[in-house]
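Please find below my notes on the model. They are set out as numbered points.

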Amino acid sequence: MLDRARRRSHVFGRAAEPGPQGVIGAMQLSVTGKQTEIGESLRRHIEGSLGSILGKYFKTAIEAHVIVSKEAHLSRAEISIHIGRGIVVNARAAASEAYLAFDAAADRLAKQLRRYKRRLRDHHAKGREPAAAGERAMDYVLAPIGEEEGEVAEAGGGEEAEGQNAEAGGLNGAPAVIAEMSTELPSLTVGEAAMRMDLAEAPVLLFRNRSHGELNLVYRRTDGNIGWIDPELDPARSTRRTASRALRRE
């Protein structure tokens with residue numbers, strides 16, 4: 001558990017320092033220290049570095065959060081920047097001290113923005129158009145299956161074990177829900193979904209495929225590639241989709 005007495009948080013709402021490409025618009029920036037002190041020198045270093053990066057790649061960021069924490073002999077830095085309509089860029093790194101950890105995370109952030117620079121600007125331009133009504137979905141956090149529950153399941157155990165299993169998990173033996181929240185279900189192309197997932201360093205992203213209106217999912221594979229799941233629920237629509245893909249290949 002964190003020692004709340006040693007936690008330091010600095011929140012400031014003025015614009016970051018101008019980058020080489022011009023003045024960045026007003027952006028809310030918060031810097032939080034967990035188990036470590038955030039001095040004025042480090043705060044200014046963070047502000048200036050983010051100002052320079054965003055001034056070069058994306059001048060219209062809305063807000064940014066930086067968390068610097070200490071774990072044993074390592075310092076960790078996490079950067080999260082909301083740069084526009086539904087797009088969040090996350091970057092993190094660890095090093096022997098706070099400045100090095102933040103610089104490594106900032107370097108990763110810059111590489112991400114550089115990789116998607118053109119597509120992000122195109123997306124931002126589209127963002128000026130009136131937004132369609134957003135679709136919402138519930139996002140649940142489930143409790144993990146405990147070791148004792150797994151051992152009972154492996155051993156069989158009869159009715160008494162089944163009752164214990166249901167009590168440990170939830171209704172009818174389902175995992176217990178420990179948190180829930182409402183989240184956006186965006187309408188995207190597959191390329192946009194892969195970009196959002198990569199920028200947010202997320203393991204998976206559920207979205208509605210803009211080309212045919214069905215729910216799709218992109219995810220990170222263990223081999224480093226991105227997987228794409230496109231269910232074929234309607235046979236007639238599936239036939240039209242296959243024909244459309246064939247035309248695009250020709």
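1. Strand E10 (residues 215-220) and strand E11 (residues 226-229) pair in the antiparallel sense, over 4 bridges. Pairing requires at least two DSSP bridges between two strands. Leu 217 has Ile 229 of E11 opposite. The two strands form a hairpin with 5 residues between them, and Gly 224 in the turn has a positive phi of about 95°.

2. This is a predicted model: local features need pLDDT of at least 70, side-chain atom pairs count only at pLDDT 80 or more, and totals for chains, interfaces and linings use all residues. Residues are numbered from 1 along each chain as its sequence is written, and side-chain values use heavy atoms, with hydrogens and water left out.

3. Helix H6 (residues 190-199) is largely enclosed by the rest of the structure, because 8 of its 10 residues are buried. Buried means under 20% relative accessible area, exposed over 50%, and partly exposed in between (1.4 Å probe, protein chains only). Among the buried residues of H6 are Glu 192, Arg 196 and Asp 198. Glu 201, with a positive phi near 50°, follows H6.

4. A nonpolar patch on the surface is formed by Met 138, Tyr 140, Leu 142 and Val 177, with about 390 Å² of accessible area together. Patch residues have over 30% relative accessible area and no salt bridge; nonpolar side chains (Val, Leu, Ile, Met, Phe, Trp, Tyr) are joined within 5 Å, like charges within 9 Å. A salt bridge places a Lys or Arg side-chain nitrogen within 4 Å of an Asp or Glu carboxyl oxygen. Strand E6 (residues 136-142) contributes the largest share of the patch, 3 residues. Tyr 140 lies in E6 and is partly exposed, at 46% relative accessible area.

Conventions. Areas by Shrake-Rupley, 256 points an atom, 1.4 Å probe, with all protein chains shown as cover.
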